[in-house]
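Reader: I'd like to go through this model with you. Can we begin with the ligand site?
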Amino acid sequence: MSGGFDIYVAGVGGQGIGLLSEALIRAVDYAGYVVKGCDTHGLAQRGGSVSSHIRIGAEAHSPLVSEGRADLVVALERHEAVSAGRAYLREGGTLLWLDSTWQPLAVRLGGARSAEVADVEEAASLRGGRAARVAPVAAVDPRSHNVVVLAEICALGLVPGLRLEHARSALADLLGGAALASSLALLADR
Amino acid sequence: MKDLGATLLGKEAFSEIVIGDTAVVRAMLESGVRSVTSYPGSPTPEIADAIRAIPASSRPFRFEFSVNEKVATEVAFGSALNGHLSVVFFKSVGLNVAADSFVQLPLMDIPGGMVVVLGDDPGANSSQNEQDNRHYARMSYMPLFEPASAAEAYSMFKAAAGLASRRRMAVILRLTTHVCHAKERVAFGPYAPAPFDPTPRFDPDSGNYVPLASSVFPLKRRALERLAAIASDPEALATNRLEGRGGSRRGVIVAGAAYLSLMDALEDAGPRPDVLKLGMVHPLPAGQVLEFLASHDEVKVLEELDPVLEPDIKALAYDAGLRTRIIGKRDIDERMGEYVPSKVRDILGSAWPDMFDSPRPSALPAVASPRPPQLCPGCGHRSAFYAIKKALSGDDITVADIGCHTLGSFPPYGMGRVLLSMGHSTATASGLALFNGSRKVVCFIGDSTLFHAGLPGIANAVYNAHELTLVVMENGTTAMTGHQDHPGTGKSFNGDSPRLSVRAALEGLGVANIREVDAYQQAKLIEAMRAATSEPGFKVVIARHPCMLKFTREARRRAGPAWRAKRVRVDQASCTRNLECVGRFGCPSFQVGEGGAISVNADLCIGDGSCRQTCPSGAIVEDLGGER
Ligand SMILES: Cc1ncc(C[n+]2csc(CCOP(=O)(O)OP(=O)(O)O)c2C)c(N)n1
């Protein structure tokens with residue numbers, strides 16, 4: 001891959017960002033590219049924002065994606081999609097987002113406005129990019145939507161060279177038993 | 001599924017995608033480490049996770065989570081005295097706790113050798129400060145290596161362990177958060193397990209081990225001589241490298257993760273400066289540095305956090321009469337925050353304005369509400385804070401301590417308004433209670449912290465007759481750092497262990513006034529707090545409830561496919577939209593919709609029901625349809 005490719009993944013603690021980004025890194029590795037990354041967990045488990053950085057290509061040195069430089073931003077929640085898109089998306093990049101809502105405290109207390117679909121679209125269009133919405137699947141456990149999004153990334157060809165078979169191999173590295181079977185089934189559904 | 005333990009134990013050389021913390025564990029195996037100790041703290045607990053992945057029966061070293069960092073350091077020191085290569089690891093601020101013993105290590109002849117692995121946290125991602133522990137290396141005359149990546153965490157651990165064993169001393173491996181957590185494919189060498197010789201070889205006559213008064217001086221001299229020798233030790237120097245062969249009149253001296261950010265920034269730069277990348281940052285490799293200075297007109301010292309290298313480098317240049325322009329920190333901001341690529345680019349641009357010809361991309365202004373960390377759904381700390389707040393007046397003084405319950409200081413609770421360090425709360429509160437007859441003083445502490453550093457403050461409160469109320473937030477685990485066991489849980493890393501009862505510990509220290517309440521029983525807790533805070537002397541209320549994140553995870557794992565989640569729901573007919581659940585109780589499961597209608601986020605609610613007692617109109621009911 002020439003020129004490198006940066007992915008920024010954002011969500012809320014508990015949504016399984018860790019598995020999604022680890023699977024992406026391993027899938028990219030299976031696809032034959034040099035890749036590195038970093039989870040920024042902070043106080044993640046406590047319902048705070050969580051993010052992961054993934055950097056593909058030999059010209060990527062730091063494991064951290066820089067602001068305004070992500071070719072692909074993946075967000076698993078609406079407010080996170082707006083924040084991550086505005087902070088990290090590069091000119092002409094893609095913002096893939098799962099349309100779930102976990103209201104931040106200030107929104108619940110009425111002090112701040114709730115993020116709307118239009119806010120996500122604006123985050124992408126301000127960068128001359130596009131937003132692609134993934135609708136939650138009612139029949140799928142919320143904590144498995146990370147795999148739904150992984151399938152979407154592969155199916156839409158959002159990461160150059162990355163295919164479903166690479167994601168399958170990656171998941172097989174990371175999961176076993178029933179968890180693997182159900183995740184592979186989600187990939188196959190796509 | 002890949003088996004991390006089996007992978008780490010592989011005898012042949014291999015490569016695998018790992019984080020820095022995991023890479024360090026492979027390095028421990030290859031280096032022949034025999035004893036490892038720690039106290040949990042981000043960014044290092046994942047080292048213990050990787051150790052746990054190796055089955056105890058095939059683990060060639062012993063591991064323990066000690067009671068605190070000082071104890072962990074001392075255990076490692078003791079085992080190294082007997083000739084066993086030992087490792088202690090902990091987070092940045094852990095070194096403050098360990099310091100009293102740590103600073104003595106360089107005075108000692110340590111036959112087994114010892115590696116102190118520090119997890120510093122530039123950017124304060126998960127810490128109460130961003131202290132630069134390189135200062136400790138200077139202060140105590142200890143060598144320090146600083147890797148930039150997961151691969152270097154592996155190779156520099158081996159360099160540190162090699163140096164520590166060869167020279168019978170303690171050596172620091174200073175990791176930082178995004179080295180610990182950086183993930184990449186790392187190439188590992190072969191692992192040939194060596195037979196273990198358990199003979200306790202401590203020989204008090206082989207050197208002086210009791211520094212006292214004038215006997216300190218020969219030991220100090222030896223420490224300084226050893227340090228000077230290391231500054232030219234070829235194996236230590238091999239961790240430094242020069243990039244670019246003097247083609248530039250500009251140079252940069254850099255170490256650690258800032259090096260990678262520098263490389264990123266230089267991708268956009270015009271002519272590239274040469275780079276001296278240090279692995280060993282203490283002692284400063286004077287020869288290499290001087291040569292680099294002498295061959296460049298301008299040298300930027302690019303160091304994250306404090307100017308530790310800069311003054312030494314400037315002094316070297318001064319003494320050598322060099323005219324090289326040395327560019328150090330130019331403002332306070334260069335001392336603050338993590339040296340991420342964009343920051344490094346700005347710093348370079350400030351030193352050399354001609355370096356970049358276009359502005360760098362930046363973030364658009366944020367519009368979405370930020371998401372501060374908060375207590376989990378079902379957390380006993382939430383129930384406790386909600387109740388305790390009711391028992392106090394707004395004017396009373398509450399003192400926080402370190403743990404998940406620190407989050408009680410945020411809205412909507414505002415419980416615990418001052419914080420120093422682990423275990424500080426009782427003593428800080430004791431001071432706040434002096435000359436203070438009007439405002440009640442209440443402080444909090446977690447159970448892991450109580451055993452870590454909380455006991456002296458409690459002993460002092462009893463001994464010196466301080467007037468305050470301590471609330472022990474007993475959740476049966478070290479929750480904040482990932483649910484490690486502690487002396488009060490009845491388990492250690494290695495299996496069952498005697499459970500030290502919090503109450504017995506308090507009684508043993510002479511605390512006479514103790515109440516115990518389940519944190520979910522808010523009415524009882526309110527009453528206990530009202531009573532305790534109106535009585536004289538030092539009072540303790542134990543607010544107990546298991547960590548529900550841990551509890552629910554374990555229950556889910558045990559139940560397997562048979563797991564049926566519980567939920568509450570809001571009965572819209574009886575809900576009066578007073579927002580008690582959202583605004584005061586503050587469980588994140590409650591969401592506010594159109595017109596103030598309250599709903600329950602099914603992704604979040606665990607059905608603990610601790611909220612039900614808070615609703616004045618009784619509208620929170622069990623959701624019998626809830627299952628997933
Ligand atoms: C000296 C020091 N060591 C370690 C840490 C990391 N740390 C932060 S919170 C915490 C756990 C506290 O556990 P506990 O007191 O039981 O409270 P809980 O999180 O379970 O509520 C630790 C070890 C720290 N901040 N300071």
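Author: Helix 5 (94-102) and helix 17 (447-463) of chain B each supply at least two residues of the shell around the ligand; helices are DSSP runs of H or I, at least four residues, numbered from the N terminus. This is a predicted model, where local features need pLDDT of at least 70, side-chain atom pairs count only at pLDDT 80 or more, and totals for chains, interfaces and linings use all residues. Residues are numbered from 1 along each chain as written, chains are lettered from A and ligands numbered from 1 in the order written, and side-chain values use heavy atoms, without hydrogens and water.

Reader: Which helix gives the most to the shell?

Author: Helix 17 of chain B, with four residues.

Reader: And how many residues surround the ligand?

Author: 26, each with a heavy atom within 4 Å of the ligand. The closest are E69(B), H381(B), C404(B), T449(B) and A479(B).

Reader: What does E69(B) do there, in terms of distance?

Author: A polar side-chain atom of E69(B) is 2.5 Å from a nitrogen atom of the ligand, a polar contact (N or O atoms within 3.5 Å). For Q128(B), a polar side-chain atom lies 3.4 Å from a ligand nitrogen. A479(B) uses a backbone N or O atom, 2.9 Å from a ligand oxygen.

Definitions and conventions. Polar contact = N/O pair within 3.5 Å; in protein donor to acceptor, adjacent residues only side chain to side chain.
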